[in-house]
Amino acid sequence: EINTSRYNEEFHEVCKLGDGEFGSVYKCVNRLDGCSYAIKKSKMPVAGSAYERNALNEVYAHAVLGKQLHVVRYYSAWAENDHMYIQNEFCNGGSLADIVAEHRMQGGTEGRFHEADLKRLMMHLTLGLRYIHSQGLVHLDIKPGNIFLQCTKGDNSPIRRLSESGHESGLDLEIPSDDDQMDEEVGVIYKIGDLGHVTSTVHPLVEEGDCRYLPAEILRDDFSHLPKADIFSLALTVFEAGGGGDLPKNGPEWHSIRNGNLPDLDHMPPAFNLMLKDMIKRVPAERPSAVMLVHNTALCPPGLK
Ligand SMILES: Cn1cc(CCO)c2c3c(c(-c4ccccc4Cl)cc21)C(=O)NC3=O
């Protein structure tokens, strides 16, 4: 019959997670394995269009960027009924943009990440970028809306979720694997998602990301140091999570940041603010690489020497 579709046959659609010009994302439970997934459903792109290239880039990138803790995991992609589907790991803690927006609503000092959390965020995303760059790829759209949170602690723990799961069929059999058990006391894991702008470092086909987070050289079509563009975007993403405020889309403030001027995050140590300033240097080659950042003592948890 006409409405047979892999999507409906293999998955139970729980709720819509988001909407965009790209299409819609749903939280789905796989009827066979009982696990939850995030599935993006988008109109089949016109053959030969930039949309098609992006769609293929995304799937190729996921295929290359196998299992890395700080990159959203890919499971499958398929086409049917004039739509494309991509099935990814479901991250149960929302996006960093949601968290930043919530913080902003609260206002005051709780309206931002504290020192230990901001260092953890930075470290996770740096590890994710180090992996992406080590595969000869760049993300090119690092921003709070593309960072997703996996919460393994407290009421989100898989076992707790199982007991509270509303699925009458008890299908929500998300038995934590041993490394999940390890994560039990870990808390939040940050993951880089939305690989729609990913391209090769050496043979780039650049589709520009969000100009609020992009360095000037990309907007001048200088693609000679693409990994350093991700480093620039990472700095502004962390700056925003640290309570740095809304980032400009254009105008004098936009240019001021591109000239290396970034206000200090007053609750962070000087070394951390210096690191952010290094990451947004106008000259891409002068910005630290992800490999160098991982060893930066400014990322050591507070209290450790
Ligand atoms: C809007 N939205 C909300 C979420 C859940 C956050 O708690 C989400 C996810 C993804 C994606 C996503 C982004 C880009 C491409 C494909 C997908 Cl499935 C979008 C998501 C994704 O790949 N994994 C997600 O959890």
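In this predicted model, a polar side-chain atom of N88 lies 3.1 Å from an oxygen atom of the ligand, a polar contact (a pair of N or O atoms within 3.5 Å). Local features need pLDDT of at least 70 and side-chain atom pairs count only at pLDDT 80 or more, while totals for chains, interfaces and linings use all residues. Residues are numbered from 1 along each chain as its sequence is written, and side-chain values use heavy atoms, without hydrogens and water.

**Contacts with the ligand**
- A polar backbone atom of E89 is 2.8 Å from a nitrogen atom of the ligand.
- At C91, a backbone N or O atom lies 2.5 Å from an oxygen atom of the ligand.
- The protein covers 89% of the 520 Å² of accessible area that the ligand has on its own (Shrake-Rupley method, 1.4 Å probe).

**The shell around the ligand**
- There are 14 residues around the ligand, each with a heavy atom within 4 Å of it; E58, N88, E89, C91 and G94 come nearest.
- By class, the shell has seven nonpolar, three polar and four charged residues, with Gly counted as polar and Cys as nonpolar.

**Aromatic pairs**
- The structure holds seven aromatic pairs (ring centres within 6.5 Å).
- Y7 and Y85 form a stacked pair, 5.1 Å centre to centre with 25° between the planes; stacked means planes under 30 degrees apart.
- Y7 lies in helix 1 (residues 6–10) and Y85 in strand 5, so this pair ties together parts that are 78 residues apart in sequence; helices (H or I, at least four residues) and strands (E, at least two) are DSSP runs.

Technical notes
A polar contact is a pair of N or O atoms within 3.5 Å; within protein, one must be able to donate a hydrogen and the other to accept it, and residues adjacent in sequence count only if both atoms are side-chain atoms. Rings of Phe, Tyr and Trp (its six-membered ring) pair if their centres lie within 6.5 Å; planes under 30 degrees apart count as stacked, over 60 as edge-to-face and the rest as tilted.
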